Amino acid sequence: MIQPVKNYSNNIGFTSSNKMIDEEEIKKHPVLIKNNLSNRMAIGWDKFTNAITMYPARGLKGSKNSNFYEFLTMGIIPYLTGSLTLMAVFNTYSTYMPKDKAGAAKFGNKMALGVLFYGLAKSISKEFVTKPVKWFTGIDTEEPYAEMKYKLPEHINDTNITSLEYHKVLESLEFPRWDVKYGDESKGETRNVWFDKIAKKIGLGDNLKDSDQDVKPRVKEITVKTDLAKAFASYLWAGVGVGLALQNTWDKFFEMATFKFWKVKPFYETVVKFGECLWNSCKELYRGPKDETKYLYKNSGKLLVGTAALATVLGVANALISRHKPSKLDSNDVIEKGRKYVVN
């Protein structure tokens with residue numbers, strides 16, 4: 001017998017052991033997760049550990065439980081492998097070519113820092129778009145939820161095989177998980193409580209008869225625009241991150257830096273120096289080379305930062321502009337009562 005789908009919108013968090021607070025609830029229905037830094041880090045770590053252990057093992061043995069979600073999650077592996085390769089290229093070269101060791105090591109360190117800053121800037125800058133959109137509309141396009149998937153038995157004694165998956169409510173615009181956004185009527189919530197809030201926030205009004213039907217098209221439209229803005233802006237800010245890593249101020253940092261955290265004082269000095277160099281690199285990128293006379297090269301840093309900032313502002317503005325107002329037509333305005341209709 002197929003059980004009816006129940007709608008829940010409980011927000012849950014993680015414990016210190018990186019497990020859901022109420023695992024039994026997740027086994028019954030998908031559960032929303034609060035979109036904060038600690039939860040995002042916990043989800044990322046869980047997906048990463050599975051991507052290097054469980055998911056490849058299933059794929060290599062041809063398991064029938066290896067699915068598209070696991071395939072996409074393993075995409076982080078070639079990304080990290082490529083990043084580590086770029087970091088190692090010039091540092092490895094300096095080991096085997098002693099004549100060019102100093103120059104190769106200097107550029108290799110900047111290359112490694114550039115890869116790090118690229119990833120951080122690309123990841124962090126996405127919130128430059130998603131956060132303002134959420135503030136003005138109430139729509140969190142990155143809101144995650146957890147869902148327990150039941151796997152097929154692979155051996156005769158296998159029973160109740162489960163796997164936890166993390167998705168986003170608006171991950172698929174063709175099939176958004178609207179069910180997790182409806183209120184839990186058993187807890188005294190109205191069914192359209194979330195849709196009512198969004199309708200008021202984006203200017204559709206209060207006490208709408210079917211707020212969910214009015215809000216859904218607008219949510220999809222805002223999500224599409226937000227994703228587009230996020231894609232453009234994040235790569236531009238990633239470029240800014242690479243530009244920061246290539247500034248000359250980092251040469252002094254790598255001369256004194258140590259990553260031996262057990263040596264407290266030198267490591268503390270490294271952390272302090274890193275902050276100073278990061279600030280100085282921001283100033284260097286913005287001001288440009290002192291001895292440069294050509295306008296374009298002199299102001300290339302300003303142009304890069306300005307382009308990234310402008311793309312972010314315009315992307316957010318575009319996401320907040322609604323071009324498609326929901327129709328207020330009633331069925332009586334569409335159907336002519338005096339006319340006969342035939343359905344083939």
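This is a predicted model: local features need pLDDT of at least 70, side-chain atom pairs count only at pLDDT 80 or more; totals for chains, interfaces and linings use all residues.
Reader: Which residues of α13 are buried?

Author: Gly301, Ala308, Thr312, Gly315, Val316 and Ala319 are buried in α13. Buried means under 20% relative accessible area.

Reader: What puts them on the same side of α13?

Author: They cover an arc of only 95° around the axis, and therefore lie on the same side of α13. An α-helix has 3.6 residues a turn, so residues three or four places apart point the same way.

Reader: What do the buried residues of α13 pack against?

Author: Three helices: α7 (127-137), α9 (211-245) and α11 (264-287).

Reader: Which exposed residues does the face turned away from the buried side of α13 carry?

Author: That face carries Val313 and Leu314. Exposed means over 50% relative accessible area.

Reader: Why is Leu120 called partly exposed?

Author: Its relative accessibility is 42%. Buried means under 20% and exposed means over 50%. Leu120 falls in between, so it counts as partly exposed.

Reader: Which helix gives the most to the nonpolar patch?

Author: Helix α6, residues 101-124, gives the most, with three residues.

Reader: Why is Asn207 called exposed?

Author: Asn207 has a relative accessible area of 80%. The cut-off for exposed is over 50%. Asn207 passes that cut-off, so it is exposed.

Reader: What is the phi of Asn207, and where does this residue lie?

Author: Asn207 has a positive phi of about 55°, although it is not a glycine. Asn207 lies in the loop between α8 (193-201) and α9.

Reader: How many helices and strands does the protein chain have?

Author: The protein chain has 14 helices and four strands. Of its 344 residues, 35% are buried.

Reader: What is the accessible surface of the protein chain?

Author: The accessible surface comes to about 22300 Å². Carbon and sulfur atoms account for 61% of that surface.

Key:
Residues are numbered from 1 along each chain as its sequence is written. Side-chain values use heavy atoms; hydrogens and water are left out. Helices (H or I, at least four residues) and strands (E, at least two) are DSSP runs, numbered from the N terminus. Buried means under 20% relative accessible area, exposed over 50%, partly exposed in between (1.4 Å probe, protein chains only). The arc is that of the directions from the helix axis to the C-beta atoms. Contact means heavy atoms within 4.5 Å. Accessible areas come from the Shrake-Rupley method with a 1.4 Å probe; for residues, only the protein chains shown count as cover.
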